[in-house]
Amino acid sequence: MLGKSLVGVLSLALAAAGAAQDKGPQDKGNDKDKSPPKVQRSVTSAKLESILQDMKIKYAKTAGKNEGVHYYDFERNNFKVRLHNYQGRDLWVDVHFTDKVSLDEINQWNVRAKFSRAVLIKNADKQSTSLEAQIDCEGGVTDGMIRQFILRFDGEIKAFVQFLTK
Amino acid sequence: MRWRRFPCSCVVACLTAACLVVPGARAQDDKVFKQLTAAETEAILQALKIDFKKTPAKKEGIVYYDFQRGGHKMRLYWYNGKDLMLDAVFPGMSLDRVNQWNVRAKFSRACLHRDAKGEFTALESNLDLAGGATEGAVRHFFKVFDDEVKLFAKVAGGGGDDALYTRVASDKLEAILKSLSIDYRKTQGKGAAAYEFESNNFKLRLVNFGGEDLMIDAQFKKLKLDDVNQYNLNRKFIRCVAYNVGGREYTSLESNLDCVGGVTDSIVRNFIRAFDIEVAEFAKYVQGK
């Protein structure tokens, strides 16, 4: 397990560095593109869709209630994932689980997580768990960062499922 | 009269400025004045080797001086000689990021403007002469603004530091911390290094995990798990976590930056600075619990 506590962080660092490599596939960039990577501070729908297409991700796109908000629903390793684009300013990816998970377990996941967080969502008598991650695009993102954001989340889902079924 | 008036001829003006303002600057540096004529202002600009274009404003008593410095377009506003303002224009930014700058800035302020052409961000600084100023203070006003513009350009993304790297070396990260004027205490572990520092009176820790990812966190008092979850439900870019380390219970606010996909200096800088806002917001939340 990858610990992050103040006490343990440095002693676990070596393990962490190693574990980080195990945590998910690493994006090595698009070999086809030889031009210098461009830093963007806003991710257009066209840009995001071209990245998804390059990654061979088939999505269903829907518009949000607010202008400039779009959702991309797709499957990754049999999990239904939604990628949200909030006016190009930030991207949000999540997957919802209906398994009964306690707040204590959710926190346990968050203790070990680096690139996601788990959140308990209560709606009336229904309860679900969202595994989610966000990336702030206004500080600057590259295509590689966006690809890595999606790929990394695949690893987070896999690890979260293992965590739930431990 | 505080300063000698100059003939209109540019050549003579430049020579006069060079003779009377620059060498004499040291002598005049400490002479206090409460108003600066347009000619005196222009003499200072010439002494600073600033090639300006002068435009009188529609409103009487206001003059604009447009020039370039350090690759940035700047304007000096002359308000009846009683106060001066410098500004530089950058692309539009979110109000959060504008505010983020203003939280930390001492000698400038950022403002988001909208006009017919769209949004833009202005970095501004004012010097009030009415209370008394010296030529040295005016020169310093320009120098400090140059520094502010350089720093702001990095935040706004115009700093020309968009070289991409997929591994954040220690010296790279330390140079970034230095550029943000962050004094840190470093602890080196095996494969990771922690940098502890204070920001806005909060103790923060930045951990570099072998250059592949960065984590920044701050610790707060223990919260109920319901409250921890509620915070995660309502925020982006952070993770709120309850810890119990050897019986010491606390809440941590954390954020991670995955560097494997490629990052730049400005992305790393933004990651560090954006956390200031998150910490300030979370502190308010914690206080109410």
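What percentage of the 289 residues in chain B is made up of buried residues? In this predicted model, buried residues account for 53% of chain B, a chain whose secondary structure consists of seven helices and 12 strands. The accessible surface of chain B amounts to about 13,900 Å², and carbon and sulfur atoms contribute 52% of that area. When contacts in chain B between residues at least 6 apart in sequence are considered, 57% of them join residues at least 24 apart.

Chain A comprises 166 residues, of which 54% count as buried, and contains four helices and six strands. Read from the N terminus on, the elements of chain A follow the order α-α-β-β-β-β-α-β-β-α. Its accessible surface comes to about 8,300 Å², with 51% belonging to carbon and sulfur atoms, and residues 24 or more positions apart supply 56% of the contacts in chain A that have a separation of 6 or more.

The packing of helices within chain A can be illustrated by one pair. Two packed helices are described by the angle between their axes and the distance between the axes. For helix H2 (residues 45-54) and helix H4 (residues 143-164) of chain A, the angle is about 60° and the axes lie 11 Å apart. Because angles of 65 to 115 degrees are needed for a roughly perpendicular arrangement and angles under 35 degrees for a roughly parallel one, H2(A) and H4(A) are classed as oblique to each other. The crossing in which H2(A) passes H4(A) is right-handed. The contact is formed by A:Lys47, A:Leu48, A:Ile51 and A:Leu52 on the side of H2(A), which meet A:Asp143, A:Ile146, A:Arg147 and A:Ile150 of H4(A). By class, five residues of this contact are nonpolar and three are charged, while none is polar.

Helix H3 (residues 103-112) of chain A has as its buried residues A:Leu103, A:Ile106, A:Asn107, A:Trp109, A:Asn110 and A:Val111. The cover over these residues is drawn from both chains: it includes strand S5 (117-123), strand S6 (126-136) and H4 of chain A, together with helix H6 (225-234), strand S11 (239-245) and strand S12 (248-258) of chain B.

Most residues other than glycine have a negative phi. B:Lys49, by contrast, has a positive phi, near 60°, although this residue is not a glycine, and B:Lys49 is situated in the loop between helix H2 (38-47) and strand S1 (53-56) of chain B. With a relative accessibility of 76%, B:Lys49 counts as exposed. B:Phe237, also a residue other than glycine, has a positive phi of about 70° and is found in the loop that lies between H6 and S11 of chain B. H6 and S11 of chain B are also among the elements covering the buried residues of H3(A). The relative accessible area of B:Phe237 is 23%, so that B:Phe237 is partly exposed.

Note on methods:
Residues are numbered from 1 along each chain as its sequence is written. Chains are lettered from A and ligands numbered from 1 in the order in which they are written. This is a predicted model: local features need pLDDT of at least 70, side-chain atom pairs count only at pLDDT 80 or more; totals for chains, interfaces and linings use all residues. Side-chain values use heavy atoms; hydrogens and water are left out. Axes are lines fitted to C-alpha atoms, for helices over the stretch in contact, and angles run from 0 to 180 degrees between N-to-C directions. Helices (H or I, at least four residues) and strands (E, at least two) are DSSP runs, numbered from the N terminus. Angles under 35 degrees count as roughly parallel, over 145 as roughly antiparallel, 65 to 115 as roughly perpendicular and the rest as oblique. A crossing is left-handed if the near helix is turned anticlockwise from the far one by less than a right angle, and right-handed if clockwise. Contact means heavy atoms within 4.5 Å. Ala, Val, Leu, Ile, Met, Phe, Trp, Tyr, Cys and Pro count as nonpolar, Asp, Glu, Lys and Arg as charged, and the others, Gly among them, as polar. Buried means under 20% relative accessible area, exposed over 50%, partly exposed in between (1.4 Å probe, protein chains only). Accessible areas come from the Shrake-Rupley method with a 1.4 Å probe; for residues, only the protein chains shown count as cover.
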